[in-house]
Amino acid sequence: MGAGITPPQGSTNLSEWPVMAKKEGDEWVLNGSKLYVTNTSKSDLVAFLGMTEEREMRCFFVETKDPGVDDRHVEKKIGLNGNCSGSYFLTDVRVPDSYSFPKNPLDGMGPGNALCAAVALGCAEAALAKTMEFVKQRTHDSAPIAECQVVRHRIARMWGEVEKSRALVFEALAMADKVLATGDKALGAKAKALICTAKYSTCEMAVDVTKQCIWLHGGLGIVEETGVARYLRDAETLCIADGTPDLHVESVSAILGMPGASIII
């Protein structure tokens with residue numbers, strides 16, 4: 001299954017989202033395009049988010065074999081290449097009304113943001129684990145470079161950053177689970193703020209940690225076969241996916257009641 005959210009106008013530029021769905025009887029007729037659709041050309045079913053003529057945001061489940069669905073364009077990204085994302089073009093695609101539903105208000109907590117944070121955490125954790133083994137084996141003047149204070153201190157600081165991010169991600173998701181169980185709107189606002197914070201801070205942490213891991217590998221760090229450079233590319237890509245850090249910081253500012261701020265993501 002895949003998910004298609006972003007139109008060419010931009011995912012957060014909601015005022016300029018074009019009308020994608022028009023109601024005809026007990027069916028919806030979809031026209032438009034989406035970028036960065038996950039599992040492009042691999043999915044049998046895609047959930048598209050789009051605007052109706054009444055400016056209502058709805059989700060539509062579309063079978064990729066349906067007439068009018070074009071999923072042939074796969075994007076080439078710098079990272080996250082395990083997920084073959086791409087563009088979809090919909091031309092007079094008919095979807096039964098039973099295959100659509102209004103966007104859930106609780107979706108604003110951002111399950112995609114939480115996913116990005118969790119994957120970024122995994123990137124940092126994997127790069128650090130690989131680097132810890134490397135510095136114990138790599139020698140300089142016949143001694144492991146891990147015996148150098150600057151190296152072992154850098155490892156310890158990175159471990160601390162990873163664990164801080166892990167605690168934040170787990171706390172945010174635990175709070176989101178409670179909101180989904182209780183429907184508590186006040187708690188939902190705090191959960192959204194925590195998820196936004198976990199998303200941008202964990203992704204930024206992953207970029208910093210994976211970059212330092214590359215440095216500790218020296219020249220081997222920029223050799224693909226070593227296997228650490230891919231984590232940096234993935235972390236950089238995750239910073240953009242589901243909204244840049246600045247968008248999330250602005251949304252957190254709005255939730256905290258800062259003057260002039262608005263919830264963007």
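This is a predicted model: local features need pLDDT of at least 70, side-chain atom pairs count only at pLDDT 80 or more; totals for chains, interfaces and linings use all residues.
Reader: Is Trp17 buried or exposed?

Author: Trp17 is buried, because its relative accessible area is 4%, and buried means under 20%.

Reader: Where does Trp17 lie in the chain?

Author: Trp17 lies in the loop between strand 1 (2-4) and strand 2 (19-24).

Reader: How far apart are Trp17 and Met51?

Author: In sequence, 34 residues separate Trp17 and Met51, while their C-alpha atoms are 7.0 Å apart in space.

Reader: And what does the side chain of Trp17 reach at 2.9 Å?

Author: That side chain reaches the backbone oxygen of Gly10.

Reader: A new topic: what is the phi of Asn39?

Author: The phi of Asn39 is near 55°, a positive value in a residue other than glycine. Asn39 lies in the loop between strand 3 (27-37) and strand 4 (45-52), and is partly exposed at 26% relative accessible area.

Reader: What about Asp242 and its phi?

Author: Asp242 is not a glycine, yet has a positive phi of about 60°. Asp242 is found in the loop between helix 4 and helix 5 (245-255) and counts as partly exposed, with 40% relative accessibility.

Reader: Which residues form a nonpolar patch on the surface?

Author: Leu220, Ile222 and Val223 form that patch, and together they have about 260 Å² of accessible area. Val223 sits in the loop between helix 3 (185-216) and helix 4 (229-240), and counts as partly exposed at 33% relative accessibility.

Key
Residues are numbered from 1 along each chain as its sequence is written. Side-chain values use heavy atoms; hydrogens and water are left out. Patches are made of residues with over 30% relative accessible area and no salt bridge: like charges are joined within 9 Å, nonpolar side chains (Val, Leu, Ile, Met, Phe, Trp, Tyr) within 5 Å. Accessible areas come from the Shrake-Rupley method with a 1.4 Å probe; for residues, only the protein chains shown count as cover. A salt bridge is a side-chain nitrogen of Lys or Arg within 4 Å of a carboxyl oxygen of Asp or Glu. Helices (H or I, at least four residues) and strands (E, at least two) are DSSP runs, numbered from the N terminus. Buried means under 20% relative accessible area, exposed over 50%, partly exposed in between (1.4 Å probe, protein chains only). A polar contact is a pair of N or O atoms within 3.5 Å; within protein, one must be able to donate a hydrogen and the other to accept it, and residues adjacent in sequence count only if both atoms are side-chain atoms.
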